[in-house]
Amino acid sequence: MLRPVCHKTDEYRGYQQALDDYGIAELLAKLSNYCEQQEQESLAALLISQLTQSIDAELIANYLSAIALNRQDLLPRLINQKFSPSSVDLPDDFPNTAKTPRFLYGDKLHWIGSDTDWGTAIGRFYSFAPHLCCWTWCYLIWLSKDSPSAAWISADIAWEEDLEPNGTKKSCKAYQLSSL
């Protein structure tokens, strides 16, 4: 939680200046339109984390180029840059540049995280992942009978990055219990 030591200290003024300089104060102000203070801080941390994970080398190069050319007027346009429709077309050089799938048919897998589903890979397909802004593998998972979602669904799909092997354990439930 963002709390200053004392509102009259130099540390506090420096802290506030850093929040302003890095746009965090503005982000928190915008989030205040949608949620309570505690939620704002959690959401801001999540958004910053997601941004950090999705930084694109080409976009960074474009920013650096605009700054080097003293063309800060281009920065707002770069920020609002949208993916072209061609970015979701199957890559021209498919399958030569597609990374090798991590999982095979029959692999026992579970979703990464606590209280997740698990099952057996019965299929996969190569697809554009909007959240990753790239093409990657997606798997069809036949859920184990004791998987939480098996009560209402037999199979589900998951992106490769969201899955991990179940290992030698009989079920993900055993895996989860052993990690407690």
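Q: What counts as a charge sitting over a ring?
A: A charge sits over a ring if NZ of Lys or CZ of Arg is within 6 Å of the ring centre and within 35 degrees of the ring normal.

Q: Where does the charged end of Arg124 sit?
A: In this predicted model, the charged end of Arg124 is placed over the ring of Tyr105, 4.8 Å from the ring centre. Arg124 also lies over the face of Trp137, with 5.5 Å to the centre of that ring.

Q: Which rings are linked into a cluster by ring pairs?
A: The cluster consists of Phe94, Tyr126, Phe128, Trp135 and Trp137. Searching the whole structure gives five aromatic pairs. For Phe128 and Trp135, the ring centres are 6.2 Å apart and the planes meet at 65°, so this pair is edge-to-face.

Q: And those two, buried or exposed?
A: Phe128 counts as buried, at 14% relative accessibility. Trp135 counts as buried as well, at 19%; the cut-off for buried is under 20%.

Q: Turning to the strands, how many bridges join β2 to β3?
A: Ten bridges join β2 to β3 (residues 134-143), and the two strands run antiparallel. Within this pairing, Phe125 stands opposite Cys138 of β3.

Q: What do β2 and β3 form, and which residue in the turn has a positive phi?
A: They form a hairpin with four residues between the strands, and Cys133 in the turn has a positive phi of about 60°.

Q: How is β1 joined to β2?
A: Strand β1 (residues 108-111) is antiparallel to β2 (residues 118-129), with three bridges joining them. Lys108 has Thr120 in β2 as its bridge partner.

Q: New topic: how many salt bridges are there?
A: The count is one salt bridge. It is formed by the side chains of Glu160 and Lys99, at 3.0 Å from N to O. This pair links distant parts of the chain, 61 residues apart: Glu160 is in the loop between β4 (155-159) and β5 (163-165), and Lys99 is in the loop between α5 (75-79) and β1.

Q: Last one: what span should helix α4 have?
A: The twelve residues of α4 (residues 57-68) should span 16 Å at 1.5 Å a residue, and the end C-alpha atoms are 16 Å apart, which agrees. After α4 comes Asn70, which has a positive phi, near 55°.

Technical notes: Residues are numbered from 1 along each chain as its sequence is written. This is a predicted model: local features need pLDDT of at least 70, side-chain atom pairs count only at pLDDT 80 or more; totals for chains, interfaces and linings use all residues. Side-chain values use heavy atoms; hydrogens and water are left out. Two strands pair if DSSP finds at least two bridges between them. Rings of Phe, Tyr and Trp (its six-membered ring) pair if their centres lie within 6.5 Å; planes under 30 degrees apart count as stacked, over 60 as edge-to-face and the rest as tilted. Buried means under 20% relative accessible area, exposed over 50%, partly exposed in between (1.4 Å probe, protein chains only). The expected span of a helix is 1.5 Å times one less than its number of residues. A salt bridge is a side-chain nitrogen of Lys or Arg within 4 Å of a carboxyl oxygen of Asp or Glu.
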